[in-house]
Amino acid sequence: MNLSRIIILARRVAQQLVADKRTLALIIVVPVILLTVAGVLIRVEPSGLTIAVVNQDEGLTVGSQSVNLGDRLTENLQNFDIFQTKLMDADDAKQKIEDGELDAVITLPPDFSAQAAQSRQLNLNVQFEGSNPTVAERLRNAFERVGDQALAGLATLQTGTDSGGGNSSTAAIETNLQATYLNGGPEFDTLDYTASALIGVFVFLFVFILTSISFLRERLAGTLERLQATPIQPLEIIIGYMLGFLIFGLLQGVITLLYTVFVLNIHYHGNLLNVFVIESLLVVVSVNLGIFLSTFARNEFQVLQFIPLVVVTQVFLGGVLWPIEEMPGWLQPIAYMMPLTHANTALRAIMMTGESLGGVWVQIAALVAIGAAVIGLSARTAGRVRM
Amino acid sequence: MTNTENEPVKIEGVYKKFGSVVALHGLSLTIRRGEIFGVLGPNGAGKSTLIRSIVGLIKPDQGRVVVLGEAMPNKPILSRLGYMTQASALYDDLTVRQNVAFFAGLMGCKDDAKIQAALDLVELAHRADSPIRTLSGGMRQRVSLASVMAHQPEIILLDEPTVGVDPQLRAQFWAHFRRLTEQGITIIVSSHVMDEAERCDRLGFIRGGQLLAEGSADALRQQAGKSNLEDAFLWFAQQKGAVQ
């Protein structure tokens, strides 16, 4: 192993990228555009939606006070302007949701208040029209927010009881209905969840594309043969590539991170260094996967076919969009073999809850193991001039 | 006992097969120090395979290649060699100087003066900071040559270096090769152009992965009883065919 040769190779990889101004610009501009689009789409308020409330709540009388949670909730829903709320009876609502005039029906049963007071939580019985899953998803999010608001309003609900003394009405006991979140909370939205993972996806995608194409070019242009006629070893080539791309991967990471935190206003509680550690591991995996897979391509078109295979599969299975726990059992082991799965989990933990590196050691260990495996694969193929 | 000082390259019964194609068929050859040795033969004769096995890019199935006293493939010995591939293998986005410095650097040469000297030699100092993609084919060949010489190798291997190079530049190349041999540098050059062969000190005629004959151009013509090298080549090819 010769450090000087590794540095010479890393410098050349960097020089090539600096010389290619357009690619360099795209590395920064593309993630910013995609993050912006994702931000707009995820944060857009639903409009033109109509829901019905069937309020049968009989309320609750405690001592001299009567409380009707159903009425309060309905009021809260009507104050929400992202959908129109109509009050109607059960039959009417049933008819209209079948006709497609309603997107959802919330039924509040006669004992709604009583149940809420007893179980100390709101159970919303919602029937979605459901033919458009994204509408249902949006409404579900909205209802959760409304529910939180209603709960906030009810936090000081007075359910006065007889304290056993003479003046029963003055001795009031507070009942707090609380919605608790383990992580995040109502102020966290889907973008916080998605953007933190996307930062990893972009680094992976960009390094993978650049490595696989530059390495293929080394082969096609004959420079790889030239390299092999020098004392440089395959492992030195690989490490040089990793170092060269690491600089730009991290540069892209910083810029996308600053953009998502300060322009898209996602919630960020992380430590930049911890983010860098995860991203560096991703770069290592990505560079080696790029070198390895470029061996199986004879031209640029073929290399491009690997992008959907390697990157899109990982976006689908890596927990970027859908949680892995909700995947079918046979798919989960495959998901856990993907480097992006672990990187996403780690980046989310670091960025959303300010987790330390020790707190994501499982993910780090998984990335290191995957990294070692792909280095083994790429070291075997980097030496081959022709397939 | 191999005399590595005066016989920097020894090829001993090298046999190499790619799939079902025999590229080198038990070929033996000794190259002397300070000579320009021409490997001559038609396309597909095994010229590139021979050169690539000297550089250690190909491991022989049988026999061995000894370069500067070491059996190839041998990575450390490569820094004392310079290998110019058939097509100019350079990085298009990088400048002339960056390319030359990169390859010289991998050979362990970081001396800016030597890199500048190589650029001067191929008369490209004025384009040192131009990206390769802006250069003509002939200029690229010159950059390629500069990038295999900057680290001052003891043996230079050139695989058809003058393909696509105009006559004037070709003359410059050969004049330069001659100057290098005067410094004791050994040059092995492959070609299928017979008039280039005239400029070599000794030649090896190759066909079907076998050595048909070796010697100076004059000696080969005399032996064949022909007035030009092309006829001589055909005569040797026929002789070999008759023997088989």
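Modeller: The largest cavity has a volume of about 50 Å³. A cavity here is a set of points, on a 1 Å grid over the protein atoms alone, where a 1.4 Å probe fits but cannot get out; the volume is the space filled by probe spheres set on the points, which are joined across faces, edges and corners. By this rule there is 1 cavity of 30 Å³ or more.

This is a predicted model, in which local features need pLDDT of at least 70 and side-chain atom pairs pLDDT 80 or more, while totals for chains, interfaces and linings use all residues. Residues are numbered from 1 along each chain as its sequence is written, chains are lettered from A and ligands numbered from 1 in the order written, and side-chain values use heavy atoms, without hydrogens and water.

Lining residues have an atom within 4 Å of a point. Chain A contributes A:Arg226, A:Ala229 and A:Thr230 to the lining; from chain B come B:Gly82, B:Tyr83, B:Phe103, B:Met107, B:Ser147, B:Val148 and B:His151. By class the lining has 5 nonpolar, 4 polar and 1 charged residues, where Ala, Val, Leu, Ile, Met, Phe, Trp, Tyr, Cys and Pro count as nonpolar, Asp, Glu, Lys and Arg as charged, and the others, Gly among them, as polar. Strand E6 (81-84) and helix H4 (137-149) of chain B each supply at least two of the lining residues. Helices (H or I, at least four residues) and strands (E, at least two) are DSSP runs numbered from the N terminus.

In chain A, helix H7 covers residues 190-221. Just after H7(A), A:Gly222 has a positive phi of about 90 degrees.

In chain B, strand E9 (residues 202-207) has 5 of its 6 residues buried. E9(B) runs parallel to strand E3 (residues 36-40), with 4 bridges, and B:Val39 stands opposite B:Gly204. Strand E10 (residues 210-215) runs antiparallel to E9(B), with 5 bridges; there B:Leu203 has B:Gly215 as its bridge partner. Two strands pair if DSSP finds at least two bridges between them. E9(B) and E10(B) form a hairpin with 2 residues between them, and B:Gly208 in the turn has a positive phi of about 60 degrees.

Terms used:
On a 1 Å grid over the protein atoms alone, a cavity is a set of points where a 1.4 Å probe fits but cannot get out, and a pocket is an open set with protein on both sides within 12 Å along at least five of seven lines; lining residues have an atom within 4 Å of a point. The expected span of a helix is 1.5 Å times one less than its number of residues. Buried means under 20% relative accessible area, exposed over 50%, partly exposed in between (1.4 Å probe, protein chains only).
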